[in-house]
Amino acid sequence: MIINPKTRIERDSLGELDVPEDAYYGVQTRRAMYNFPVSGRRERPEFVRAYILVKKAAAITNMELGVLDEKRGNAIVKAADEVLEGLSGRYHDQFPVDVFQAGAGTSFNMNVNEVLANRALELLGRKRGDYAFLSPNDYVNKAQSTNDTFPTASHIGVIFAGERLLDVLSGLSDAFREKAVEFSQIPKSGRTHLMDAVPVSLGAEFGAYASSLERAASRIEERLGDLLELPIGGTATGTGANTHPQYRETVISKLTRLCSLPFHPALDSFEVLQSRSQLAAFSGALRELALELIRIANDLRLLNAGPTTGISEIVLPPVQPGSSIMPGKYNPVMAECLDMIGFQIVGNDTTVAMAAQAGQLELNVMTPVMTCNILESIALLTNYLPVFRERCVEGIKANEESCRAYLELNPILVTFLTPKIGYLKAAELAKEALERRVPVAEVAVMRGVLSKEEADELLEKKLLKPSAPK
(Lines give C-alpha, C1' and ligand atoms only; values in the text may rest on other atoms or scores of the structure.)
Protein backbone atom coordinates (compact mmCIF):
# COMPACT_ATOMS: atom_id res chain seq x y z
CA MET A 1 0.00 0.00 0.00
CA ILE A 2 1.44 3.39 -1.03
CA ILE A 3 0.87 5.98 1.67
CA ASN A 4 0.54 9.62 0.67
CA PRO A 5 2.86 11.60 3.01
CA LYS A 6 0.15 14.24 3.26
CA THR A 7 -2.32 11.80 4.74
CA ARG A 8 -2.72 9.88 7.96
CA ILE A 9 -4.16 6.40 8.34
CA GLU A 10 -7.25 5.91 10.48
CA ARG A 11 -9.11 2.73 11.31
CA ASP A 12 -12.81 1.99 11.84
CA SER A 13 -14.79 -1.25 11.97
CA LEU A 14 -14.39 -1.70 8.20
CA GLY A 15 -10.63 -1.32 8.20
CA GLU A 16 -8.06 1.36 7.38
CA LEU A 17 -8.43 4.43 5.20
CA ASP A 18 -6.24 7.42 4.46
CA VAL A 19 -7.41 10.84 5.65
CA PRO A 20 -5.87 14.21 4.70
CA GLU A 21 -3.23 15.05 7.27
CA ASP A 22 -4.63 18.53 7.91
CA ALA A 23 -8.25 17.39 8.20
CA TYR A 24 -10.09 17.41 11.50
CA TYR A 25 -12.65 14.99 10.11
CA GLY A 26 -11.74 11.31 10.14
CA VAL A 27 -12.20 7.90 8.61
CA GLN A 28 -16.00 7.69 8.70
CA THR A 29 -16.35 11.13 7.14
CA ARG A 30 -13.88 10.03 4.47
CA ARG A 31 -15.99 6.97 3.69
CA ALA A 32 -19.07 9.17 3.34
CA MET A 33 -17.21 11.39 0.89
CA TYR A 34 -16.47 8.35 -1.25
CA ASN A 35 -19.96 6.89 -0.89
CA PHE A 36 -22.07 10.00 -1.46
CA PRO A 37 -20.59 12.35 -4.10
CA VAL A 38 -24.12 13.41 -4.96
CA SER A 39 -25.02 17.10 -5.04
CA GLY A 40 -22.01 19.06 -3.85
CA ARG A 41 -24.32 20.65 -1.26
CA ARG A 42 -23.18 20.74 2.35
CA GLU A 43 -25.15 21.12 5.56
CA ARG A 44 -26.15 24.72 6.21
CA PRO A 45 -24.27 26.70 8.91
CA GLU A 46 -27.29 26.96 11.23
CA PHE A 47 -27.61 23.17 11.24
CA VAL A 48 -23.89 22.62 11.83
CA ARG A 49 -24.05 25.13 14.66
CA ALA A 50 -27.05 23.37 16.17
CA TYR A 51 -25.34 19.97 16.00
CA ILE A 52 -22.21 21.23 17.73
CA LEU A 53 -24.34 22.78 20.47
CA VAL A 54 -25.96 19.37 20.98
CA LYS A 55 -22.49 17.80 21.37
CA LYS A 56 -21.39 20.52 23.76
CA ALA A 57 -24.51 20.10 25.89
CA ALA A 58 -24.01 16.33 25.94
CA ALA A 59 -20.39 16.64 27.09
CA ILE A 60 -21.33 19.09 29.87
CA THR A 61 -24.16 16.80 30.95
CA ASN A 62 -22.04 13.65 30.97
CA MET A 63 -19.38 15.37 33.07
CA GLU A 64 -21.99 16.64 35.50
CA LEU A 65 -23.48 13.16 35.83
CA GLY A 66 -20.04 11.62 36.41
CA VAL A 67 -19.91 9.42 33.31
CA LEU A 68 -17.28 11.46 31.43
CA ASP A 69 -14.00 12.55 32.98
CA GLU A 70 -13.37 16.27 33.10
CA LYS A 71 -10.08 16.11 31.21
CA ARG A 72 -11.66 14.71 28.06
CA GLY A 73 -15.01 16.41 28.62
CA ASN A 74 -13.56 19.90 28.96
CA ALA A 75 -11.43 19.34 25.85
CA ILE A 76 -14.56 18.41 23.90
CA VAL A 77 -16.39 21.50 25.19
CA LYS A 78 -13.45 23.76 24.31
CA ALA A 79 -13.23 22.17 20.86
CA ALA A 80 -16.94 22.79 20.37
CA ASP A 81 -16.54 26.45 21.30
CA GLU A 82 -13.63 26.85 18.87
CA VAL A 83 -15.56 25.23 16.03
CA LEU A 84 -18.62 27.38 16.74
CA GLU A 85 -16.46 30.49 16.47
CA GLY A 86 -14.64 29.24 13.37
CA LEU A 87 -17.49 27.94 11.23
CA SER A 88 -16.93 30.69 8.68
CA GLY A 89 -13.15 30.44 8.88
CA ARG A 90 -10.82 27.73 10.10
CA TYR A 91 -13.46 25.01 10.28
CA HIS A 92 -15.75 25.95 7.38
CA ASP A 93 -14.42 23.13 5.15
CA GLN A 94 -14.34 20.46 7.83
CA PHE A 95 -17.92 19.32 7.24
CA PRO A 96 -17.79 17.94 3.69
CA VAL A 97 -20.55 15.31 3.93
CA ASP A 98 -23.16 15.74 1.22
CA VAL A 99 -26.72 16.51 2.32
CA PHE A 100 -27.73 13.33 0.47
CA GLN A 101 -26.05 10.78 2.69
CA ALA A 102 -26.54 7.71 4.83
CA GLY A 103 -30.03 7.26 6.23
CA ALA A 104 -30.79 8.99 9.53
CA GLY A 105 -27.68 11.18 9.07
CA THR A 106 -25.09 8.85 10.58
CA SER A 107 -22.44 10.19 8.20
CA PHE A 108 -22.87 13.76 9.38
CA ASN A 109 -23.17 12.83 13.03
CA MET A 110 -19.83 11.06 12.76
CA ASN A 111 -18.39 14.01 10.83
CA VAL A 112 -19.19 16.24 13.82
CA ASN A 113 -17.93 13.64 16.30
CA GLU A 114 -14.63 13.29 14.44
CA VAL A 115 -13.99 17.02 14.09
CA LEU A 116 -14.59 17.59 17.79
CA ALA A 117 -12.58 14.52 18.80
CA ASN A 118 -9.56 15.45 16.71
CA ARG A 119 -9.51 19.06 17.88
CA ALA A 120 -9.95 17.90 21.49
CA LEU A 121 -6.99 15.54 21.01
CA GLU A 122 -4.85 18.44 19.81
CA LEU A 123 -5.89 20.51 22.82
CA LEU A 124 -4.76 17.63 25.02
CA GLY A 125 -1.37 17.52 23.29
CA ARG A 126 -2.09 14.40 21.27
CA LYS A 127 -2.16 13.65 17.56
CA ARG A 128 -5.26 13.64 15.43
CA GLY A 129 -6.56 10.12 15.03
CA ASP A 130 -5.45 8.96 18.50
CA TYR A 131 -8.87 7.45 19.09
CA ALA A 132 -7.58 4.98 21.65
CA PHE A 133 -7.37 7.96 23.99
CA LEU A 134 -10.41 9.95 22.88
CA SER A 135 -12.77 8.21 20.50
CA PRO A 136 -15.43 10.03 18.44
CA ASN A 137 -17.88 7.24 19.29
CA ASP A 138 -17.03 6.53 22.92
CA TYR A 139 -16.53 10.08 24.16
CA VAL A 140 -17.95 12.75 21.86
CA ASN A 141 -20.98 10.59 21.05
CA LYS A 142 -21.40 9.34 24.61
CA ALA A 143 -25.06 8.74 25.62
CA GLN A 144 -26.12 9.65 22.09
CA SER A 145 -27.21 8.14 18.80
CA THR A 146 -27.58 9.64 15.36
CA ASN A 147 -31.25 8.71 15.76
CA ASP A 148 -31.88 11.25 18.52
CA THR A 149 -29.16 13.84 17.87
CA PHE A 150 -29.87 14.44 14.19
CA PRO A 151 -33.58 15.31 14.65
CA THR A 152 -32.70 17.31 17.76
CA ALA A 153 -30.19 19.38 15.80
CA SER A 154 -32.74 19.63 12.98
CA HIS A 155 -35.31 21.15 15.34
CA ILE A 156 -32.79 23.60 16.76
CA GLY A 157 -31.36 24.58 13.36
CA VAL A 158 -34.82 25.15 11.90
CA ILE A 159 -35.75 27.32 14.90
CA PHE A 160 -32.57 29.39 14.45
CA ALA A 161 -33.37 29.92 10.77
CA GLY A 162 -37.11 30.31 11.29
CA GLU A 163 -36.73 33.16 13.77
CA ARG A 164 -34.85 35.18 11.16
CA LEU A 165 -37.58 34.40 8.64
CA LEU A 166 -40.23 35.79 10.99
CA ASP A 167 -38.33 39.08 11.20
CA VAL A 168 -38.13 39.24 7.41
CA LEU A 169 -41.83 38.46 7.03
CA SER A 170 -42.71 41.18 9.49
CA GLY A 171 -40.82 43.71 7.37
CA LEU A 172 -42.59 42.62 4.19
CA SER A 173 -46.06 42.71 5.70
CA ASP A 174 -45.31 46.16 7.14
CA ALA A 175 -44.35 47.38 3.67
CA PHE A 176 -47.66 46.16 2.24
CA ARG A 177 -49.51 47.74 5.17
CA GLU A 178 -47.84 51.08 4.46
CA LYS A 179 -48.93 50.85 0.83
CA ALA A 180 -52.45 50.05 2.01
CA VAL A 181 -52.57 53.34 3.87
CA GLU A 182 -50.98 55.23 0.97
CA PHE A 183 -53.56 53.84 -1.50
CA SER A 184 -56.55 53.86 0.84
CA GLN A 185 -58.40 56.64 -0.98
CA ILE A 186 -57.89 55.36 -4.52
CA PRO A 187 -61.10 53.71 -5.77
CA LYS A 188 -60.92 51.03 -8.44
CA SER A 189 -62.91 48.18 -9.90
CA GLY A 190 -62.92 44.99 -7.93
CA ARG A 191 -62.52 41.80 -9.94
CA THR A 192 -63.84 38.32 -9.29
CA HIS A 193 -63.33 35.47 -11.76
CA LEU A 194 -61.05 38.02 -13.46
CA MET A 195 -64.24 39.90 -14.40
CA ASP A 196 -65.49 43.31 -13.27
CA ALA A 197 -66.99 43.37 -9.79
CA VAL A 198 -68.10 45.97 -7.26
CA PRO A 199 -65.48 48.59 -6.40
CA VAL A 200 -62.80 48.37 -3.77
CA SER A 201 -59.94 50.66 -2.89
CA LEU A 202 -56.44 49.89 -4.06
CA GLY A 203 -55.50 50.18 -0.41
CA ALA A 204 -57.91 47.41 0.54
CA GLU A 205 -56.18 45.07 -1.89
CA PHE A 206 -52.77 45.84 -0.45
CA GLY A 207 -54.07 45.61 3.11
CA ALA A 208 -55.30 42.11 2.33
CA TYR A 209 -51.82 41.16 1.14
CA ALA A 210 -50.41 42.33 4.46
CA SER A 211 -53.04 40.39 6.40
CA SER A 212 -52.36 37.18 4.50
CA LEU A 213 -48.64 37.43 5.26
CA GLU A 214 -49.36 38.12 8.92
CA ARG A 215 -51.57 35.04 9.05
CA ALA A 216 -48.87 32.93 7.39
CA ALA A 217 -46.28 34.25 9.85
CA SER A 218 -48.45 33.34 12.83
CA ARG A 219 -48.75 29.78 11.51
CA ILE A 220 -44.98 29.53 11.05
CA GLU A 221 -44.45 30.83 14.58
CA GLU A 222 -46.88 28.24 15.93
CA ARG A 223 -45.11 25.42 14.08
CA LEU A 224 -41.74 26.64 15.36
CA GLY A 225 -43.14 26.24 18.85
CA ASP A 226 -43.80 22.57 18.12
CA LEU A 227 -40.08 22.07 17.46
CA LEU A 228 -39.19 23.00 21.04
CA GLU A 229 -40.01 19.38 21.90
CA LEU A 230 -36.70 17.53 21.52
CA PRO A 231 -35.98 13.84 20.84
CA ILE A 232 -32.58 13.96 22.60
CA GLY A 233 -32.13 11.23 25.20
CA GLY A 234 -33.98 8.56 23.27
CA THR A 235 -30.73 7.28 21.71
CA ALA A 236 -31.25 4.50 19.16
CA THR A 237 -34.91 3.53 19.46
CA GLY A 238 -36.39 5.81 22.10
CA THR A 239 -35.43 3.60 25.06
CA GLY A 240 -32.61 5.84 26.24
CA ALA A 241 -30.16 2.95 26.08
CA ASN A 242 -26.66 3.73 27.45
CA THR A 243 -27.72 6.96 29.15
CA HIS A 244 -27.70 8.00 32.80
CA PRO A 245 -31.21 8.10 34.33
CA GLN A 246 -30.99 11.88 34.61
CA TYR A 247 -29.39 12.43 31.21
CA ARG A 248 -32.47 13.41 29.19
CA GLU A 249 -33.68 16.06 31.61
CA THR A 250 -30.19 17.44 32.20
CA VAL A 251 -29.06 17.66 28.58
CA ILE A 252 -32.25 19.50 27.63
CA SER A 253 -31.71 21.99 30.43
CA LYS A 254 -28.18 22.59 29.11
CA LEU A 255 -29.49 23.11 25.56
CA THR A 256 -32.10 25.51 26.92
CA ARG A 257 -29.34 27.59 28.47
CA LEU A 258 -26.99 27.40 25.49
CA CYS A 259 -29.65 28.32 22.93
CA SER A 260 -31.81 30.62 25.10
CA LEU A 261 -34.87 28.63 24.02
CA PRO A 262 -37.47 26.89 26.24
CA PHE A 263 -36.90 23.31 25.12
CA HIS A 264 -38.70 20.40 26.74
CA PRO A 265 -38.44 16.60 26.55
CA ALA A 266 -40.54 14.62 24.11
CA LEU A 267 -43.89 13.50 25.49
CA ASP A 268 -43.28 10.08 23.93
CA SER A 269 -39.65 9.29 23.17
CA PHE A 270 -40.62 6.46 20.85
CA GLU A 271 -43.02 8.57 18.78
CA VAL A 272 -40.51 11.36 18.12
CA LEU A 273 -38.05 8.90 16.57
CA GLN A 274 -40.68 7.10 14.50
CA SER A 275 -42.46 10.24 13.33
CA ARG A 276 -41.21 13.42 11.69
CA SER A 277 -44.65 15.05 11.81
CA GLN A 278 -43.38 18.20 13.51
CA LEU A 279 -40.85 18.94 10.78
CA ALA A 280 -43.44 18.06 8.14
CA ALA A 281 -45.95 20.42 9.73
CA PHE A 282 -43.41 23.24 9.74
CA SER A 283 -42.61 22.57 6.09
CA GLY A 284 -46.35 22.71 5.43
CA ALA A 285 -46.46 26.18 6.99
CA LEU A 286 -43.67 27.26 4.62
CA ARG A 287 -45.70 25.85 1.75
CA GLU A 288 -48.74 27.88 2.84
CA LEU A 289 -46.59 31.00 2.89
CA ALA A 290 -45.17 30.17 -0.54
CA LEU A 291 -48.66 29.79 -2.01
CA GLU A 292 -49.67 33.20 -0.62
CA LEU A 293 -46.50 34.79 -1.99
CA ILE A 294 -47.11 33.25 -5.42
CA ARG A 295 -50.67 34.57 -5.38
CA ILE A 296 -49.55 38.06 -4.37
CA ALA A 297 -46.74 38.11 -6.93
CA ASN A 298 -49.17 37.10 -9.65
CA ASP A 299 -51.61 39.83 -8.61
CA LEU A 300 -48.85 42.42 -8.79
CA ARG A 301 -47.91 41.21 -12.26
CA LEU A 302 -51.53 41.43 -13.41
CA LEU A 303 -52.13 44.87 -11.91
CA ASN A 304 -48.87 46.10 -13.47
CA ALA A 305 -49.56 44.54 -16.91
CA GLY A 306 -49.22 47.01 -19.76
CA PRO A 307 -48.40 49.80 -19.89
CA THR A 308 -50.82 50.30 -22.79
CA THR A 309 -52.56 46.96 -23.32
CA GLY A 310 -53.00 45.59 -19.79
CA ILE A 311 -54.65 46.50 -16.51
CA SER A 312 -51.90 48.94 -15.56
CA GLU A 313 -53.46 50.07 -12.27
CA ILE A 314 -50.10 50.01 -10.52
CA VAL A 315 -46.54 50.59 -11.69
CA LEU A 316 -43.84 48.27 -10.39
CA PRO A 317 -40.36 49.78 -10.12
CA PRO A 318 -38.26 49.13 -13.25
CA VAL A 319 -35.11 47.51 -11.85
CA GLN A 320 -33.43 46.28 -15.04
CA PRO A 321 -33.99 46.21 -18.82
CA GLY A 322 -36.53 43.53 -19.65
CA SER A 323 -35.54 42.52 -23.13
CA SER A 324 -32.41 41.98 -25.15
CA ILE A 325 -34.26 42.91 -28.38
CA MET A 326 -37.11 45.26 -27.38
CA PRO A 327 -35.77 48.62 -26.15
CA GLY A 328 -37.64 50.36 -23.36
CA LYS A 329 -39.29 47.17 -22.09
CA TYR A 330 -39.30 46.64 -18.33
CA ASN A 331 -40.65 43.42 -16.89
CA PRO A 332 -41.96 42.58 -13.38
CA VAL A 333 -38.79 40.61 -12.70
CA MET A 334 -38.89 40.87 -8.90
CA ALA A 335 -42.35 39.30 -8.80
CA GLU A 336 -41.29 36.70 -11.37
CA CYS A 337 -38.35 35.70 -9.19
CA LEU A 338 -40.65 35.46 -6.17
CA ASP A 339 -42.88 33.10 -8.15
CA MET A 340 -39.96 30.82 -8.94
CA ILE A 341 -38.89 30.78 -5.30
CA GLY A 342 -42.43 29.88 -4.31
CA PHE A 343 -42.52 27.00 -6.80
CA GLN A 344 -39.24 25.67 -5.38
CA ILE A 345 -40.60 25.78 -1.83
CA VAL A 346 -43.73 23.88 -2.85
CA GLY A 347 -41.46 21.27 -4.44
CA ASN A 348 -39.29 21.12 -1.33
CA ASP A 349 -42.39 20.54 0.76
CA THR A 350 -43.42 17.66 -1.48
CA THR A 351 -40.03 16.06 -0.82
CA VAL A 352 -40.51 16.61 2.92
CA ALA A 353 -43.97 15.05 2.77
CA MET A 354 -42.68 11.98 0.96
CA ALA A 355 -39.87 11.65 3.50
CA ALA A 356 -42.26 12.06 6.43
CA GLN A 357 -44.41 9.12 5.33
CA ALA A 358 -41.33 6.96 4.69
CA GLY A 359 -40.67 6.25 8.35
CA GLN A 360 -40.64 2.56 9.24
CA LEU A 361 -41.10 0.96 12.63
CA GLU A 362 -38.82 2.58 15.25
CA LEU A 363 -37.19 5.22 13.05
CA ASN A 364 -37.68 7.59 10.17
CA VAL A 365 -34.30 7.54 8.42
CA MET A 366 -35.18 10.30 5.94
CA THR A 367 -34.57 13.23 8.30
CA PRO A 368 -31.50 14.50 6.37
CA VAL A 369 -33.45 15.26 3.20
CA MET A 370 -36.26 16.83 5.22
CA THR A 371 -33.86 19.08 7.07
CA CYS A 372 -31.91 20.25 4.03
CA ASN A 373 -35.11 21.04 2.09
CA ILE A 374 -36.68 22.97 4.95
CA LEU A 375 -33.52 24.97 5.57
CA GLU A 376 -33.18 25.68 1.85
CA SER A 377 -36.75 26.99 1.73
CA ILE A 378 -36.12 29.25 4.70
CA ALA A 379 -32.87 30.51 3.17
CA LEU A 380 -34.54 31.33 -0.16
CA LEU A 381 -37.16 33.40 1.65
CA THR A 382 -34.79 35.02 4.12
CA ASN A 383 -32.38 36.01 1.35
CA TYR A 384 -34.94 37.32 -1.11
CA LEU A 385 -37.90 38.81 0.74
CA PRO A 386 -35.96 41.85 2.05
CA VAL A 387 -34.79 42.55 -1.51
CA PHE A 388 -38.33 42.09 -2.82
CA ARG A 389 -39.61 44.51 -0.20
CA GLU A 390 -36.98 47.15 -0.96
CA ARG A 391 -36.77 46.86 -4.75
CA CYS A 392 -40.41 46.10 -5.50
CA VAL A 393 -43.05 46.70 -2.83
CA GLU A 394 -41.71 49.94 -1.38
CA GLY A 395 -41.45 51.47 -4.85
CA ILE A 396 -44.91 50.55 -6.16
CA LYS A 397 -46.87 53.52 -7.50
CA ALA A 398 -50.59 53.76 -8.16
CA ASN A 399 -51.86 54.63 -11.64
CA GLU A 400 -54.88 56.56 -10.41
CA GLU A 401 -55.95 57.56 -13.90
CA SER A 402 -56.33 53.92 -14.98
CA CYS A 403 -58.11 53.00 -11.75
CA ARG A 404 -60.61 55.84 -12.26
CA ALA A 405 -61.16 55.16 -15.97
CA TYR A 406 -61.91 51.48 -15.48
CA LEU A 407 -64.17 52.14 -12.53
CA GLU A 408 -66.30 54.76 -14.24
CA LEU A 409 -67.08 52.36 -17.09
CA ASN A 410 -67.63 49.35 -14.85
CA PRO A 411 -71.23 48.18 -15.52
CA ILE A 412 -71.26 46.21 -12.28
CA LEU A 413 -71.71 49.49 -10.40
CA VAL A 414 -75.35 48.87 -11.18
CA THR A 415 -75.25 46.49 -8.21
CA PHE A 416 -75.75 49.49 -5.96
CA LEU A 417 -79.02 50.27 -7.73
CA THR A 418 -80.57 46.82 -7.23
CA PRO A 419 -82.10 47.60 -3.82
CA LYS A 420 -84.09 50.37 -5.51
CA ILE A 421 -84.85 49.02 -9.03
CA GLY A 422 -84.45 45.22 -8.69
CA TYR A 423 -82.00 42.70 -10.12
CA LEU A 424 -83.52 42.23 -13.61
CA LYS A 425 -83.90 45.95 -14.37
CA ALA A 426 -80.35 46.51 -13.11
CA ALA A 427 -79.06 43.73 -15.42
CA GLU A 428 -80.68 45.47 -18.38
CA LEU A 429 -78.98 48.73 -17.50
CA ALA A 430 -75.62 46.97 -17.12
CA LYS A 431 -75.97 45.35 -20.53
CA GLU A 432 -76.79 48.66 -22.23
CA ALA A 433 -73.98 50.50 -20.44
CA LEU A 434 -71.53 47.85 -21.61
CA GLU A 435 -72.77 47.95 -25.21
CA ARG A 436 -72.63 51.73 -25.39
CA ARG A 437 -69.39 52.01 -23.38
CA VAL A 438 -70.84 54.68 -21.09
CA PRO A 439 -71.16 54.84 -17.29
CA VAL A 440 -74.12 52.91 -15.93
CA ALA A 441 -75.29 55.96 -13.97
CA GLU A 442 -75.67 57.84 -17.22
CA VAL A 443 -77.88 55.07 -18.64
CA ALA A 444 -79.99 54.97 -15.48
CA VAL A 445 -80.64 58.69 -15.65
CA MET A 446 -81.29 58.61 -19.41
CA ARG A 447 -83.86 55.79 -18.97
CA GLY A 448 -85.61 57.67 -16.20
CA VAL A 449 -84.89 54.94 -13.72
CA LEU A 450 -83.17 57.43 -11.43
CA SER A 451 -82.85 61.16 -11.21
CA LYS A 452 -79.38 62.57 -11.47
CA GLU A 453 -79.49 63.39 -7.80
CA GLU A 454 -80.46 59.80 -6.91
CA ALA A 455 -77.73 58.40 -9.14
CA ASP A 456 -75.19 60.66 -7.51
CA GLU A 457 -76.32 59.63 -4.05
CA LEU A 458 -76.20 55.90 -4.79
CA LEU A 459 -73.05 55.79 -6.92
CA GLU A 460 -70.76 58.72 -6.29
CA LYS A 461 -70.13 57.80 -2.67
CA LYS A 462 -69.00 54.36 -3.80
CA LEU A 463 -66.63 55.82 -6.36
CA LEU A 464 -65.19 58.67 -4.36
CA LYS A 465 -65.16 57.31 -0.82
CA PRO A 466 -64.20 53.65 -0.79
CA SER A 467 -63.78 52.06 2.59
CA ALA A 468 -60.36 52.51 4.12
CA PRO A 469 -58.49 49.29 4.93
CA LYS A 470 -58.69 48.20 8.53
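Residues are numbered from 1 along each chain as its sequence is written, and side-chain values use heavy atoms, with hydrogens and water left out. Because the model is predicted, local features need pLDDT of at least 70 and side-chain atom pairs count only at pLDDT 80 or more, while totals for chains, interfaces and linings use all residues.

Let's start with the inside. A nonpolar core here is a set of buried Ala, Val, Leu, Ile, Met, Phe, Trp, Tyr and Cys residues joined through side-chain atoms within 4.5 Å; buried means under 20% relative accessible area, exposed over 50%, partly exposed in between, with a 1.4 Å probe and protein chains only. The largest core has 115 residues, and Phe-176 and Ile-220 are among those with the most contacts inside it. Its largest share, 15 residues, comes from helix α6, residues 146-182 (helices are DSSP runs of H or I, at least four residues, and strands runs of E, at least two, numbered from the N terminus). A second, separate core of 15 residues includes Val-414 and Leu-450.

Now the rings. Rings of Phe, Tyr and Trp (its six-membered ring) pair if their centres lie within 6.5 Å; planes under 30 degrees apart are stacked, over 60 edge-to-face, the rest tilted. That gives 12 aromatic pairs. Tyr-24 and Tyr-91 make a tilted one, 5.3 Å centre to centre with 45 degrees between the planes. Tyr-24 lies in the loop between β2 and α1, and Tyr-91 in the loop between α3 and α4, so this pair ties together parts 67 residues apart in sequence. Tyr-24 is buried at 4% relative accessible area, and Tyr-91 is buried at 1%.
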